[in-house]
Amino acid sequence: MNSTERGGSGVSIGIAHGPAADRGGTVEAAAKWLLLLAGCAVAVGLPAYFTVHPYRVNTLVPNLLGIVGGIMMLCGALFYALRKRIRALKQFGQMKYWLNVHILLCLYGPLLVLYHSGLAVKALNSGVALYSMLLVLFSGVAGRYIYRHFQLSLSGERTGLKEIREEITGVIEEVTARAPEGGPLVREIAELFAPTPGQHAGGPWSALLLMIRLDWRARRLRSRIARRLIAERDRRAIEEGLLRLVGLEKNIAALEATTRLFSLWHTLHVPLIWILALTVIIHMTAILLL
Ligand code: HEM
């Protein structure tokens, strides 16, 4: 069984363990490594190719890189935006996979476009297109950082405060049932993430600082948990539960800041995408006409 049913409230808390979960995790990790290696191969292989065949504007390979990179970005952006909005597309996979594919295509696409440009700006229209792309790329990475703080269901949909609280109750019940000695650690986690007065006051910068501070706190707690549980019999399951608890308490503590920042990010990110689309169209028109 992948997730553990808890007695009290009867809600599945999703602490995944067992051979099936291990296998799933291994396949996912292997796929990530493979894709990372493929990206590194492209990043190293292309400069090597251009040292043997010096880069020349408007020749086959640079042009192909631009076309393939552009198509990758277009597909990555379009399919994800459509999947988010069209219910009928739900049957084609969970949100988390679509987001991963979006990120993959929108990271590797710009990489190809960078090589397509020869890492130099030769005309105003191409310069504007290139910098708009980099802006959207960095904005995407920032958005991903904020997004990481949302509580996601198993399918990758965003969930709310009620679901987080329910899951917290479930995890605490399970951890303390397995190891009553885990009680002090559970309390320690709750205390460390308890909201402080005025925590949510202030603008976007203080929200961002709060998220970074909570991340830092979670990181310290994780290593403390690993040290304190060394002698436990049921160590793996308890550790998994406690780590989940750290993540959930952090998500609750950061929820207001995350929601505010993400909506601000979205307000900036979407117009940037339209600017990018417009600059790419101008760039392509200029190339076809000149
Ligand atoms: C040039 C590259 C990129 C383009 C054109 C692009 C485009 C888009 C589009 C169209 C959306 C959907 C907006 C909406 O539906 O409201 C989106 C959302 C998002 N993108 Fe990108 N993106 C790019 C790069 C990236 C990168 C590199 C990352 C992460 C490393 C990223 C992470 C995200 C995240 C987290 C969301 C929000 C997900 C959500 O609200 O459900 N993007 N992006």
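Author: Buried here means under 20% relative accessible area, exposed over 50% and partly exposed in between, with a 1.4 Å probe and protein chains only. Tyr147 counts as buried, at 13% relative accessibility. The model is predicted, so local features need pLDDT of at least 70 and side-chain atom pairs pLDDT 80 or more, while totals for chains, interfaces and linings use all residues. Residues are numbered from 1 along each chain as its sequence is written, and side-chain values use heavy atoms, with hydrogens and water left out.

Rings of Phe, Tyr and Trp (its six-membered ring) pair if their centres lie within 6.5 Å; planes under 30 degrees apart count as stacked, over 60 as edge-to-face and the rest as tilted. The whole structure holds six aromatic pairs. One of them joins Tyr147 and Phe262, a tilted pair with 5.6 Å centre to centre and 50° between the planes. Tyr147 lies in helix H4 (residues 124-147) and Phe262 in helix H8 (residues 235-289), so this pair ties together parts 115 residues apart in sequence. Helices are DSSP runs (H or I, at least four residues), numbered from the N terminus.

Phe262 is also buried, with a relative accessible area of 11%. Its ring and that of Phe150 have centres 5.3 Å apart and planes at 90°, so the pair is edge-to-face. Phe150 sits in the loop between H4 and helix H5 (161-178), 112 residues from Phe262 in helix H8, and the pair thus links distant parts of the chain. Phe150 is buried, as is Phe262. Together with Trp265, the residues Tyr147, Phe150 and Phe262 form one aromatic cluster.

Methods. Helix = DSSP H or I, 4+ residues; strand = E, 2+ residues; numbered from the N terminus.
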